Amino acid sequence: MLNHCTFIGNLGADPDIKEMKSGEKLCNLSLGCTERYKDKQGQQQSVTEWVKVTIFNPHLVKVAENYLSKGSKIYISGAMKTRKWTDSSGVDKYTTEIVLQRFNGSTFKENVVTPKVELNDEIPF
């Protein structure tokens with residue numbers, strides 16, 4: 001069986017870092033994935049789906065905490081999980097989220113220098 005989800009999108013808010021009872025941190029992200037298309041009249045349309053992402057891996061939590069912010073474009077892959085818990089008033093709560101397994105951040109808080117590539121106009125063949 002396969003439980004694998006991949007998304008590319010922009011963060012809708014800064015990473016939400018929380019500390020668990022064990023003392024380890026977790027990170028919650030809100031990832032907006034926008035699909036663009038033309039409707040029947042030829043007008044450009046867009047629809048954004050919001051994906052809840054949770055990071056438990058301490059190394060990836062640190063990366064998210066130090067380098068991601070609202071608007072960051074990221075590529076993630078993970079597994080869809082549904083969690084159940086009981087709130088303080090005894091009501092059962094459920095949430096479905098993507099638990100991060102891999103991460104590729106393409107935008108960071110610091111300026112990232114992209115190497116300049118010079119093209120040679122001469123065709124070698």
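How many salt bridges does a search of the whole structure find? It finds five, where a salt bridge is a side-chain nitrogen of Lys or Arg within 4 Å of a carboxyl oxygen of Asp or Glu. We will visit some of them below.

Before that, some ground rules. This is a predicted model, in which local features need pLDDT of at least 70 and side-chain atom pairs count only at pLDDT 80 or more, while totals for chains, interfaces and linings use all residues. Residues are numbered from 1 along each chain as its sequence is written, and side-chain values use heavy atoms, with hydrogens and water left out.

**The whole chain**

Start in cartoon view. Walking from the N terminus, the order is β-β-β-β-α-β-β.

The chain exposes about 9,700 Å², and carbon and sulfur atoms supply 51% of that; the areas come from the Shrake-Rupley method with a 1.4 Å probe, and for residues only the protein chains shown count as cover. Of the 125 residues, 24% are buried. Buried means under 20% relative accessible area, exposed means over 50%, and partly exposed is in between (1.4 Å probe, protein chains only).

Contacts tell you about the fold too: 55% of those with a separation of 6 or more are between residues 24 or more positions apart. A contact here means heavy atoms within 4.5 Å.

**Colour by confidence**

Next, colour by pLDDT, the predictor's confidence in each residue, from 0 to 100. The mean for the chain is 84, and 81% of its residues reach 70 or more. Among the elements, confidence is highest in strand E2 (residues 16-19), at 96, and lowest in E6, at a mean of 83. Then select residues 107-121: the pLDDT there is below 50, and this stretch has 11 contacts in the model beyond near neighbours in sequence. Where pLDDT is low, the predicted coordinates should not be read in detail.

**Strand E1 and its partners**

Select strand E1, residues 5-11. Which strand does E1 pair with over six bridges? That is E5, in the antiparallel sense; for two strands to count as paired, DSSP must find at least two bridges between them. Click Thr 6 and you will find its bridge partner in E5, Ser 77. E1 also runs antiparallel to E3, joined by two bridges. To see that side, look at Asn 10, which stands opposite Gly 32 in E3.

**Glu 97**

Now select Glu 97 in strand E6. Is Glu 97 buried or exposed? It is buried, with a relative accessible area of 3%. Show its side chain and look for a salt bridge to Arg 83, with the closest N and O atoms 2.4 Å apart. Glu 97 lies in strand E6 (residues 92-105) and Arg 83 in strand E5, so the pair ties together parts that are 14 residues apart in sequence. Arg 83, at 38% relative accessibility, counts as partly exposed.

The side chain of Glu 97 also makes a polar contact with the side chain of Thr 54, at 2.8 Å. A polar contact is a pair of N or O atoms within 3.5 Å; within protein, one must be able to donate a hydrogen and the other to accept it, and residues adjacent in sequence count only if both atoms are side-chain atoms. Leaving aside residues up to four places away in sequence, Glu 97 touches several others, including Lys 52, Ala 79 and Met 80.

Select Glu 65 and Lys 25, whose side chains meet in a salt bridge (3.3 Å, N to O). This pair links distant parts of the chain, with Glu 65 in helix H1 and Lys 25 in strand E3 (residues 25-38), 40 residues apart. Glu 65 is partly exposed at 31% relative accessibility, and Lys 25 is partly exposed at 37%.

Then pick Asp 87 and Lys 93, where the salt bridge spans 4.0 Å, N to O. Asp 87 counts as partly exposed at 23%, as does Lys 93 at 35%.

**Last stop: Ser 72**

Finish in the loop between helix H1 (58-67) and strand E5 (73-86), where Ser 72 sits. Ser 72 is buried, with a relative accessible area of 3%.

Terms used:
Helix = DSSP H or I, 4+ residues; strand = E, 2+ residues; numbered from the N terminus.
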